[in-house]
Amino acid sequence: MKAIKLNKVYIWAIALIMAGCTDLEIEQTDSIFADLSGEFNGVEAGPSLSALYNSVRGQIENQENLYALTEVSTDEFVVPTRGTDWGDNGVWRTLHSHTWSATHQRVKNTWNDMNSNVYNATTIIDTRSSPTAQQAAEAKFLRAYSMFWLIDMFGQVPFRTPDEGPDVNPNVMTRSEAFDFAVTDLTEAIPNLPSTGPSADLVGASKAAAMLLLAKFYLNKHIFTGTGTPAAADMNQVISLVDDIKAEGFDLQAGFFELFTDDVDSETIFFTTSSVGNNIWNGLHYKQVVPDQAGGWNGFTTIAEFYDLFEGDPNINTPGSGQEERRGFVPTDGTNFGIGNGFLIGQQYDANGDPYTDRTGAPLVFTKELPGLLGNNERTGIRVIKYNPANGAFANHKIVLRYADAHLMKAEALMRSGGDATALINELRTLRGATPIGSVTEQDILDERGRELYGEQWRRNDLVRFGQFTAPWSYKEVSGDETKNLFPIPATAIISNPNLVQNPGY
């Protein structure tokens with residue numbers, strides 16, 4: 001049996017020094033080391049790989065860290081404070097308003113989660129752990145996945161080998177160096193991953209999943225490496241990889257909301273067995289309850305500008321309102337326990353088709369506008385739901401990667417390399433019941449990605465790539481500050497590792 005000889009240990013001295021400053025308290029995950037001596041004899045590859053998948057599953061299930069940074073910091077979601085509900089010391093408001101700091105808990109947790117994944121994957125990949133070729137490839141996929149978020153959100157990646165003890169400060173890769181490292185991981189992994197088409201077996205890494213993630217790296221290369229201009233060769237890589245994914249058996253599928261169930265479909269490329277309950281309940285009203293499951297927490301909403309990207313009457317979303325499929329509808333006949341799909345605006349109805357009231361007795365009418373991040377009542381804000389509780393809050397099918405994203409990536413790469421993406425965009429729009437576009441622009445592609453992929457953790461990355469993350473939108477205090485394209489390195493990490501350099505603006 002192979003194992004690290006001693007338990008992981010941590011830097012505690014700095015924590016004692018900083019004991020009087022609670023925002024900067026060093027926690028166990030801030031600086032992780034293999035052991036005191038630096039001696040590493042390997043880990044059990046199989047159980048360690050399972051544990052790593054479980055860690056990723058839990059991180060994807062969580063609405064507070066990675067999901068919060070990738071969604072609540074954008075125009076897709078805002079979490080307004082209602083009385084004292086969802087106040088949480090301002091952590092949600094500062095994300096949406098771009099007023100976060102280096103002590104923000106969600107920023108710190110996400111940094112720690114992704115770095116922990118990278119280190120744990122590295123111990124599995126090490127030859128002393130004797131992984132099979134497939135086990136090493138899966139660990140490389142998960143390491144590259146975690147590095148993607150570190151590169152994307154923080155712009156630098158600390159890296160520790162299993163032999164380095166607590167007296168060694170982790171080396172820090174630049175954004176460009178980390179890009180090359182992750183691309184190498186994926187390139188080496190793909191030949192040793194299984195060729196798994198649409199099935200119930202996509203809870204692990206496959207060739208298609210690794211190819212989609214590799215295409216993500218190439219699509220963002222000009223951002224990650226700082227060139228600022230997409231290279232035609234990189235865009236051709238994206239197009240080729242998407243074609244290879246399609247050759248694995250994946251394709252667009254009609255029936256948008258049917259994709260977000262545990263049924264096998266042709267679009268899902270990688271999913272986890274995470275509960276989808278957080279994505280169901282975080283926006284629904286307290287009275288919107290499903291028997292034997294749970295009820296709403298009355299938090300997450302969207303803003304009017306994002307809702308208005310969809311076709312249909314902007315002030316109503318009941319069946320027959322002229323909306324495209326992806327905007328969903330509010331059922332008036334008790335369908336799905338009275339809980340609609342997509343964007344819930346206006347009067348809400350219970351499982352009998354009777355109008356709901358809120359806890360004060362007022363009609364439960366979700367409003368398009370909010371008074372602000374503060375001063376909200378129970379009814380303000382359009383609610384968003386992609387996983388319907390009629391399919392179960394624990395459906396064990398939380399999508400991480402799917403083919404429609406790849407399809408839109410190909411369209412973007414085609415446009416950025418001088419081609420015409422109109423046919424690809426209209427192929428998807430026709431399938432989703434939306435009017436075809438005459439000639440597709442860059443803005444059209446960004447908007448289409450928003451309409452197709454809302455709530456799937458790609459909005460922040462998309463807005464940065466299209467140069468619009470720092471643009472103004474409702475309830476956002478800071479606009480035009482390009483330093484906000486990166487989050488700060490957490491203050492505790494800066495203290496723990498002097499090789500890290502704080503990002504500009506913080």
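**View 1. D85 lies in the loop between α3 (66–72) and α4 (91–97).** The structure is a predicted model, in which local features need pLDDT of at least 70 and side-chain atom pairs count only at pLDDT 80 or more, while totals for chains, interfaces and linings use all residues. Residues are numbered from 1 along each chain as its sequence is written, and side-chain values use heavy atoms, with hydrogens and water left out. Helices are DSSP runs (H or I, at least four residues), numbered from the N terminus. D85 has a relative accessible area of 29% and is partly exposed. Here buried means under 20% relative accessible area, exposed means over 50%, and partly exposed lies in between (1.4 Å probe, protein chains only). Apart from neighbours within four places in sequence, D85 is in contact with P80, Y286 and R359, where contact means heavy atoms within 4.5 Å. N376 is 291 residues from D85 in sequence, and their C-alpha atoms are 9.7 Å apart in space.

**View 2. W86 has a positive phi, near 65°, in a residue other than glycine.** Most residues other than glycine have a negative phi. W86 is placed in the loop between α3 and α4. With a relative accessible area of 13%, W86 is buried.

**View 3. S130 is placed in the loop between α5 and α6.** The phi of S130 is near 50°, a positive value in a residue other than glycine. S130 counts as partly exposed, at 46% relative accessibility.

**View 4. I124 belongs to helix α5 (residues 105–125).** I124 has a relative accessible area of 0% and is buried. Leaving aside neighbours within four places in sequence, its contacts are V43, A45, S48, L49, L52, S129, P131, Q135 and A139. Between I124 and A137, 13 residues apart along the chain, the C-alpha separation is 9.9 Å.

**View 5. Helix α6 (residues 133–154) has 22 residues.** From its first C-alpha to its last, α6 reaches 31 Å, close to the 32 Å expected at 1.5 Å a residue. The expected span is 1.5 Å times one less than the number of residues in the helix. Of the 22 residues of α6, 20 are buried, so the helix is largely enclosed by the rest of the structure.

**View 6. Helix α8 (residues 207–219) has 13 residues and end C-alpha atoms 18 Å apart.** That distance agrees with the 18 Å that α8 should span at 1.5 Å a residue. Helix α8 is mostly covered, with 13 of its 13 residues buried.

**View 7. The axes of helix α10 (residues 232–247) and helix α13 (residues 403–416) come within 8 Å and cross at roughly 150°.** This makes α10 roughly antiparallel to α13. Axes are lines fitted to C-alpha atoms, for helices over the stretch in contact, and angles run from 0 to 180 degrees between N-to-C directions. Angles over 145 degrees count as roughly antiparallel, under 35 as roughly parallel, 65 to 115 as roughly perpendicular, and the rest as oblique. The crossing of α10 past α13 is left-handed, a term used if the near helix is turned anticlockwise from the far one by less than a right angle. On the α10 side the contact is made by M235, V238, I239, V242, D243, I245 and K246, and on the α13 side by Y403, A406, H407, M409, K410, A413, L414 and R416. By class, these residues are ten nonpolar, one polar and four charged. Ala, Val, Leu, Ile, Met, Phe, Trp, Tyr, Cys and Pro count as nonpolar, Asp, Glu, Lys and Arg as charged, and the others, Gly among them, as polar.

**View 8. Helix α14 (residues 422–431) packs with helix α15 (residues 442–453) at an angle of about 30°.** Their axes are 12 Å apart. The two helices, α14 and α15, are therefore roughly parallel to each other. The crossing of α14 past α15 is left-handed. I425, L428 and R429 of α14 meet I445, E448, R451 and E452 of α15. The contact of α14 with α15 divides into three nonpolar, no polar and four charged residues.

**View 9. R460 is found in helix α16 (residues 459–465).** R460 is buried, with a relative accessible area of 0%. T74 is 386 residues from R460 in sequence, but their C-alpha atoms are 5.9 Å apart in space. Leaving aside neighbours within four places in sequence, the contacts of R460 include T74, and among the others are L69, T70, S73, D152 and M153. F469, N485, L486 and F487 are also in contact with R460.
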